[in-house]
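Reader: I would like to learn how to read strand pairing and a nonpolar core. Can we take a case?

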Amino acid sequence: MSDNSINERGPGFNDRRSMLAGISGLAAGAILAGHAQAGPLNPPPGPIAPTPGPEPRIAINSTNTPGNAESIYRISVPGSYYLTDNITGVLATGKTGIEIASSNVSIDLMGFHITGGSGTVDGIGTAGSSDPENIRICNGVVRGWGRLGIRIGFTTASPGVILDRIVSSGNGTHGIYAGKDSVLHHCIATDNGDYGFLAGANITMHACSAAGNAGTGIYVSSNSTLMQSVARNNGEHGIECAQSCIVHRCAARENDLSGFSIGSQSVIAECVAAANKDDGIRCIGNTIIRGNQCSSNANTSFNGVGIRISGGNNRIEDNNCVSNNIGLYAAGAGNFIARNSCSDNTLNWSIVSGNVCLIVQAANSGSITGNSGGVSPGSTNPNANYTY
C-alpha cells in the first residue's frame, strides 16, 4: 500500500496508528514484567468454587459469647451472630440458653436446635428487666425450656423485634413472647404450657401457626395485623386480638373456646372458624366482619354461635354460618347486618331489635341444565340476608 493511499484515509490516521502501536507495546511490557502465565493444564477435580473468606459474623460459643450465672451464652455487644451447633440446656438449671443483653443484635440459628431441660428458664431471652431494641432471630428450633421458648423484652416495651422461621415447642409457658412493634414471619408455636404466641401492640404477623398450646394459640395487642395464620386445637381461644386490629385470611379450628375473639374497632375478613367448642367469631363493637365462613361451632358445655356480636356499630356482611348451635347472634342494637346467609344451624338467627337487618327465607329452584333456569331467592333487596 502506498503512502498516498494511507494518507487518503484522512488526516490524523498515522497518528492514531502510532498511538495503538504504543498501547500494544505497553501491554506486552506489562505482561512480561508481571510474568503472566496461563492457568494449570491439569486443574484440580471438582466443581469450581470461590475461595472462602473470613466469616463476617460472630459465632456463638464459650469464647465469643461466654455465659454467666444466668445463661449458657450471653450476647453483650451489638453485632450479627450465628450458631455452629445445637445447644442443650439439660444441666443448665436456672439458666437461659442465649441471653441478649444488647440492642442491635441479629442471631441466625442456622437450622440448629436450642433444647432445654428440667429447671431451665428461657431458650432465648433478654437480660433481666432490660428491653433491648432492634433484635432479629431466624432459622431454628427452640424447645423444651422450663419457661418460655423465646422472650424478647421483659415488658411489652421492647420494640423492633423480627422473628423469622422459628419453631418453638414444648416449653413450660409461652412459646414466643415479643414486645411491641414486632414482626413475625413463618413462625410455629406448638404444645407449649400456656400461649403459643403472646405479643404486644403494633404487631405484624404473617403465615404463623399455633397448635396444641394449653392457652390461647395467638394473642396480639392493639393496632396489630394478622394475616394468613392458623390456630388449631388450643386450650383457650384460637386467635385473640385487642382493639383496632386487622385479621385477614386466617383459620381457627377445634379450639376449646372461640375460634376468633376480636376487640372493638377492628376488621376480620375472609377467615374460617370451624369446629370450635364455643363461638366461631366473637366481636364487641365498631368492627367490620366480612366474608367469613363459620361452621360446626358448638359444644354441649357452650352455646356455640357462628358469629356472636355483643355490642353495636358493627357492620356484618357476606358471612356464611352453617351447622352451629346459633348461626348469627346479635345482642346489641345499632348494627348493620347485610347479605349474610345461615343454614342448618339449630337456630339460624337471634337478633335483638334496633338493628338494620332483613332476613328472607330463600326459595329453592328446580334442577338446572343448560344456559338458564332457577327462581329468585325471594327478594330483590341487595342487602337481604338469607336462610337457605
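Author: Two strands pair if DSSP finds at least two bridges between them. Here strand β3 (residues 71-75) pairs with β6 in the parallel sense, over four bridges. Strands are DSSP runs (E, at least two residues), numbered from the N terminus. R74 stands opposite E99 in β6. This is a predicted model: local features need pLDDT of at least 70, side-chain atom pairs count only at pLDDT 80 or more, and totals for chains, interfaces and linings use all residues. Residues are numbered from 1 along each chain as its sequence is written, and side-chain values use heavy atoms, with hydrogens and water left out.

Reader: Which strand do three bridges join to β6?

Author: Strand β9 (residues 124-126), and the two run parallel. I98 has I124 in β9 as its bridge partner.

Reader: Is β6 enclosed or open?

Author: Buried means under 20% relative accessible area, exposed over 50%, partly exposed in between (1.4 Å probe, protein chains only). Five of the five residues of β6 (residues 96-100) are buried, so the strand is largely enclosed by the rest of the structure.

Reader: Which residues have the most contacts inside the largest nonpolar core?

Author: In soluble globular proteins, nonpolar side chains tend to be buried together. A nonpolar core is a set of buried Ala, Val, Leu, Ile, Met, Phe, Trp, Tyr and Cys residues joined through side-chain atoms within 4.5 Å. The largest one has 61 residues, and I107, I137, F197 and F260 have the most contacts inside it.
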